[in-house]
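Subject: Structure handover

Dear colleague,

Here is the structure I said I would pass on. My notes on it follow below.

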Amino acid sequence: MTVISARDRERAGSQQPQIGQPLRRREDLRLVTGAGCYVADVPLQDPLHVAFVRSPVPGGRIVGCDVQDARDMPGVEQVVRAADLGELGRLSINPVLEPFGSAPFPVLAGERVSAVGQPVVAVLAETPAEALDACDAVLVEIDDDEAAVEPAGFRGAWSSGDCDQALAGAAHRVSVRVDHPRLAPASLEPRGIAVAYHDESDSVTVWLSTQTPHRARRELSRILSVAPERIQVAAPDVGGAFGMKASLYPEEVLCVWAALRFKRATRWISSRGEDFLAASHGRGATSEGTLGVDADGRFLALKARVDAPLGHWLPNSAAIPAWNAGRILPSGYRVAAVDIVTRAEVSNTAAVGIYRGAGRPEANCLMERLVDAAAAATGIDPLEIRRRNLVEAAAFPHEGPTGVVLDSGRYAELLDHLARETEYDARRAEVAARRARGEVVGLGVAFYIEPCGTGWESARVTRNPDGTALVAFGGSTQGHGRETALAQIAADALGLSPEAVEVFCGSTRDCPTGIGALASRSTAIGGSAVLKACEALLARIDSGADTSVPVSEEVVYEAAGEAWGYGAYLVQMAIDPETGDPTLEYVACVDDAGTVINPMLVEGQIRGGFAQGLGEALMERLVYDGDGQLVTGSLMDYALPRASDIPAFAISKMETRSPNNPLGAKGVGEAGTIGAPAAILNAAIDALRPHGVTDLPMPLTSETLWRALHRT
């Protein structure tokens, strides 16, 4: 029998620590060999397969819905309309901004449809094919009209000092507008749900591809007016999420309702086309700003407005992008006077919610475009003007003009690090020489900050009699190596090898309650919960607990404040003057994520985030036409980055501990999506500025760049 004593821990302290080691992900062997279990793989006994009849128009009144032919189709067991559901509750919304109006949460459309792709009828059949065939037999008559959804949404404002007066007295005033394309999160695994019905207890077990299993359980209980103990939710292996799977969807509520109503298992697996149509979209915001700068390049005032889109219903975190896009300004820069307004309003489209970055890229693109415009107006080098205005290391913690408190950082030092790593001065000279030879080439720099969540998370740690340990984590995972990182934290705390630590998460039955994998919070907050649970366990063992039986301790950890990661990206871009085709010739980044648990996982997050940031900057865009039809509803029409589109790039880091959690960790999961678009956009404009171009819309397709270069 192995007993973990204080002496054991002291001895373990002389061994190599696990935190900071690039351990391979323990999940990978299972996943890459096909042994993972996704929602579509969950075995169910005699399930009904669900398919949905969806609205073909963006708005209209339902005047008829004939389902009889569908009921008579082979294999069809049930056909459900809105009237069959009775009174259901609404989804709760995180109230970070002031709401106005009231948006509905229709599980199925009742009197009206409000978006193309909105579910109108659900068909439940013995096979997926039979359910889809029966959907074709449903006749829905809609009086097409242009009536918009009732006005609803969120608004917010932040101000400090006399912004108008400061702008009036500025030596330079620069203004920019940034239009973010609407994006499809496009996770490898689409949405899906499997529901097992338990007759003996009239309860259900729900397997859901989700980032938030505990919240999903609470929302299902409330919306369906079902006691929480009758619902258990588990997130098996989740094949990516990126914010799209943070909220409960109408289709998922219908499947749980049907299992309880018809007392049979149900399953629904979204198609890729359904996800384009009806899963939540990301980005789409428009931001405008004016920055006042003095003769020495010091920032004096910032006036900004952000308009963010919403769809016809609101996910849990619908207000988060507009909130972050406003409150994060003016980023890590000192600006005494600000006037910032943000607004988000519903429309006749698919829902818009959080997508990797969730307002951070929107804030950063606006600020970094303004900084580059200020550099051009003053003639100061883009790196130098940033260095002059960033918050100094001695000033932390620093409260910004919107009230956010930046915890720690060495911002200027990080820029110096980037300059050394990239040989910045020599690179600028090379770019100038190539321009003199007629080439179209530019450098783009972008600094960023990344808030990493607030609030609490929970963990339970159990020491087994054989000396191994089990960590039950209240959060969840969707492919970011959570099990590996938490095992490293627990191993260091308990004096074990990581192999002796088993990590389990994503189950409301087997794990303590938690918030979930959102906002780059899981390491800083969730990892700290694991650390605190380990410390409580050791204290109990040291006090004489019987270790011949399993010993457990569970804690709820709440962070003292937000941890703010930060970094800087440099992109060198060349543009073919004949075709407009852009080439990212060189990319480098320096990120500071505080204490790094596993550098291999951090690098993976940076590379993955950069790929998605590149997608927004260069190729991705969802488009609705004038009739409200989605014309980019498949991967034939919507361009996702491929491996060949991603350039090699240099990654380096700094580590500045956060004082707001015991690990000293900060998030890095969204870094690439925040830094990359601004750096790429700045590089393209820098390349085209000698040709009179000072602004460009994203995505920067070859056509966009060619037209900008050859404009008349």
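Buried residues make up 59% of the 712 residues in the protein chain, where buried means under 20% relative accessible area, exposed means over 50%, and partly exposed is in between (1.4 Å probe, protein chains only). Before you read on, note that this is a predicted model, in which local features need pLDDT of at least 70, side-chain atom pairs count only at pLDDT 80 or more, and totals for chains, interfaces and linings use all residues. Residues are numbered from 1 along each chain as its sequence is written, and side-chain values use heavy atoms, with hydrogens and water left out.

Overall form

The protein chain has 19 helices and 28 strands; these are DSSP runs numbered from the N terminus, with helices being H or I of at least four residues and strands being E of at least two. Its C-alpha trace spans about 75 × 75 × 45 Å along the principal axes. The radius of gyration is 26 Å, which agrees with the value near 27 Å that a compact globule of 712 residues would have. That radius is taken over C-alpha atoms, and the globule rule is 2.2 Å times the number of residues to the power 0.38.

Of the contacts with a separation of 6 or more, 83% join residues 24 or more positions apart; a contact means heavy atoms within 4.5 Å. The chain exposes about 26700 Å², and carbon and sulfur atoms supply 50% of that area. Accessible areas come from the Shrake-Rupley method with a 1.4 Å probe, and for residues only the protein chains shown count as cover.

There are 65 positive and 92 negative charges, and their mean positions are 4 Å apart. Lys and Arg count as positive and Asp and Glu as negative, while His and the chain ends are not counted. Each charge is placed at NZ of Lys, CZ of Arg, CG of Asp or CD of Glu.

The cores

The largest nonpolar core has 67 residues, of which Leu-291, Phe-299, Tyr-411 and Phe-447 touch the most other members. Helix α11 (residues 360–378) gives the largest share of this core, eight residues. Another core, of 41 residues, lies apart from it and has Tyr-448, Val-602, Phe-610 and Ala-676 among its members. A nonpolar core here is a set of buried Ala, Val, Leu, Ile, Met, Phe, Trp, Tyr and Cys residues joined through side-chain atoms within 4.5 Å.

Helix α10 (residues 320–327) is mostly covered, with seven of its eight residues buried. The buried ones are Ile-320, Pro-321, Ala-322, Asn-324, Ala-325, Gly-326 and Arg-327. Their cover includes the strands β8 (153–160), β17 (299–309), β18 (337–345), β21 (441–451) and β26 (564–575), along with α11.

The loop between α10 and β18 holds Pro-330, and the peptide bond from Leu-329 to Pro-330 is cis, with omega near 5°. Ser-331 lies in the loop between α10 and β18 as well. Ser-331 is not a glycine, yet has a positive phi of about 65°, and it counts as buried because its relative accessibility is 8%.

Other backbone points

A cis peptide bond also runs from Met-698 to Pro-699, with omega near 0°. Pro-699 sits in the loop between α18 (671–688) and α19 (702–709).

Ala-358, in the loop between β18 and α11, has a positive phi near 45° without being a glycine. At 6% relative accessibility, Ala-358 counts as buried.

Tyr-249 is in the loop between β13 (231–234) and α8 (250–262) and is buried, with a relative accessible area of 1%. Beyond four places in sequence, its contacts include Phe-105, Arg-191, Met-244 and Trp-313. The C-alpha atoms of Tyr-249 and Pro-315 are separated by 7.7 Å, although these residues are 66 apart along the chain.

Ser-114 is in the loop between β5 (112–113) and β6 (119–125). At 16% relative accessibility, Ser-114 counts as buried, and leaving aside neighbours within four places in sequence, it is in contact with Pro-58, Val-149, His-312, Asn-348 and Thr-349.

Val-63, in strand β2 (residues 60–66), is partly exposed, with a relative accessible area of 41%. Not counting residues up to four places away in sequence, Val-63 touches Glu-141, Ile-142 and Asp-143.

Regards
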